[in-house]
Amino acid sequence: MNTADSTGATGRPGAAAEEPGAAEAPEAAGAPATATAPTPDAPATAQDAPGAASEAPDAAPGGASDAAQAPAQAPAQAPAQAPDAATAPDAAASAELPPAQDAPRPARRWGRTVLLIAAAAVIGVSAGTAVGYRIQADRPPTPLPPLNQPGLAYPAAPLPKGEEPPPLTAAEDRRVKTDGDLRKLLAPAPKGVDARDELGGLPVYAVTFESEARMFSALAEEEFRRVAIRAWKEGHRKTHVRLVQFHPGYTNAAADHAEGQRSYMTGDGHAGNDGAVLKGTAEGRYYVYDKPKRKPGYLPLYQARAVFHRGDIMTDIWIYDSKPIPASAIRTLAERQLERL
């Protein structure tokens, strides 16, 4: 822009905006071509940015034309400063806000602390137990209190001969009867019939079952003692009477064994009925099988059975016949055997 054009412009108010040189001044300063006058937002921006206003007098070396260019330069520089000035209120507001409360904090490592506490607790308990045992072991044993009964109820020396008390009778002590020969307690066979007696141990009785090995183990655990058997035959009828004795224990093995034998009698392949209660017993029963066993080439096999116990002896009676067996036959024999016990 030349000096002559500036001087002529001062003589006419408002001509500076119409001069080509004045129109080109904003473009030379880097402002947009359409910015012939300051925008409404520019003065506010120029005021907020004091740096841009202070630089305008320094840019004009002392001429009126340079002073006239100051408004044109201010809008050119204001947009460049506007983004920073616009963000200034937000920056000030953000500076006044407290720090964010939901900022993640570093997780604390509790595993090592818990492990150390647990290890210390275990060591403390172990050490305390060891010290306690050690203290107790070093102490002298505490003497037991004296017996409440200073003397014995029976004499220290045996009574003279002839002054001993009489032994208990069979009514007072049942074992007086059962400790002898068990075969003497078997029901007698009918007159004129040859009977076979046998007294044996566990193998003699275990072979009478289908599962010999299993019954052998079960009876051994039940403290099996001995068995007495008496068998006889009358025509086609065969009779077997068994007295199974057990050692005394914390349970009544004879009662348990009798109950085990009665437990399956109501099923198919056995008696098939509940039987009848044997008079004189709490749980003893006798059975007559509903159906005979049949096999080609053989006569039908009818069966009857009685199961009960008395003390440490379990009684098992069997009757086999090729003809139906009346219930009175097994009941009568069972009652006779019960009387013998």
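Predicted model: local features only at pLDDT ≥ 70, side-chain atom pairs only at ≥ 80, totals over all residues.

Student: Let us start with the strands. In which sense do β1 and β2 pair, and over how many bridges?

Tutor: The general idea first: in a regular strand the side chains alternate between the two faces of the sheet. Here, strand β1 (residues 195-200) pairs with β2 in the antiparallel sense, over six bridges.

Student: What is the pairing between β2 and strand β3?

Tutor: Strand β3 (residues 237-246) is also antiparallel to β2, with 10 bridges between them. In that pairing F224 faces F246 of β3. The two strands make a hairpin with two residues between them, and G235 in the turn has a positive phi of about 65°.

Student: Is strand β2 mostly covered or mostly open?

Tutor: Strand β2 (residues 224-234) is mostly covered, since eight of its 11 residues are buried.

Student: Next, the aromatic rings. How many aromatic pairs does a search of the whole structure find?

Tutor: A pair of aromatic rings is described by the distance of the centres and the angle of the planes. The search finds five aromatic pairs. One of them joins F224 and F246 edge-to-face, at 6.0 Å centre to centre and with 85° between the planes. This pair links distant parts of the chain, with F224 in strand β2 and F246 in strand β3, 22 residues apart. Both F224 and F246 are buried.

Student: Why is the pair of Y289 and W318 called tilted?

Tutor: The ring centres of Y289 and W318 lie 6.3 Å apart and their planes meet at 45°, so the pair is tilted. Y289 belongs to the loop between β5 (285-288) and β6 (302-310), whereas W318 is in strand β7 (residues 313-321), 29 residues apart. Y289 is buried at 9% relative accessibility, and W318 is buried with a relative accessible area of 11%.

Student: Which residues form an aromatic cluster?

Tutor: Y205, F209, F224 and F246 form one aromatic cluster.

Student: Which members of the largest nonpolar core touch the most other members?

Tutor: In soluble globular proteins, nonpolar side chains tend to be buried together. The largest nonpolar core here has 23 residues, of which L243, F308, I317, I330 and L333 touch the most other members. The elements giving two or more residues to this core are β2, β3, β6, β7 and α11 (327-340). Apart from neighbours within four places in sequence, I330 has contacts that include Y286, V288, A304, I317 and I319. A second, separate core of 15 residues includes F209, F224, A253 and A254.

Student: Finally, how many salt bridges are counted, and where are examples to be found?

Tutor: Side chains of opposite charge can pair when their charged atoms come close. The count comes to nine salt bridges. In one of them, D197 and R230 meet at 2.7 Å, N to O. D197 lies in strand β1 and R230 in strand β2, 33 residues apart. D197 is partly exposed at 36% relative accessible area, whereas R230 is buried at 12%.

Student: What parts of the chain does the salt bridge between R237 and D321 tie together?

Tutor: The closest N and O atoms of R237 and D321 are 3.0 Å apart. R237 lies in strand β3 and D321 in strand β7, so the pair ties together parts that are 84 residues apart in sequence. R237 is partly exposed, with a relative accessible area of 23%, while D321 is buried at 6% relative accessibility.

Student: Are D316 and R305 buried or exposed?

Tutor: D316 and R305 form a salt bridge with their closest N and O atoms 2.9 Å apart. D316 is in strand β7 and R305 in strand β6, 11 residues apart. Both residues, D316 and R305, are buried.

Methods:
Residues numbered from 1 in each chain as written. Heavy atoms only, no water. Buried < 20%, exposed > 50% of the residue type's maximum accessible area, 1.4 Å probe, protein only. Helix = DSSP H or I, 4+ residues; strand = E, 2+ residues; numbered from the N terminus. Pairing = 2+ DSSP bridges. Phe/Tyr/Trp six-rings, centres within 6.5 Å; stacked < 30°, edge-to-face > 60°. Core = buried A, V, L, I, M, F, W, Y, C linked by side-chain atoms within 4.5 Å. Contact = heavy atoms within 4.5 Å. Salt bridge = Lys/Arg side-chain N within 4 Å of Asp/Glu carboxyl O.
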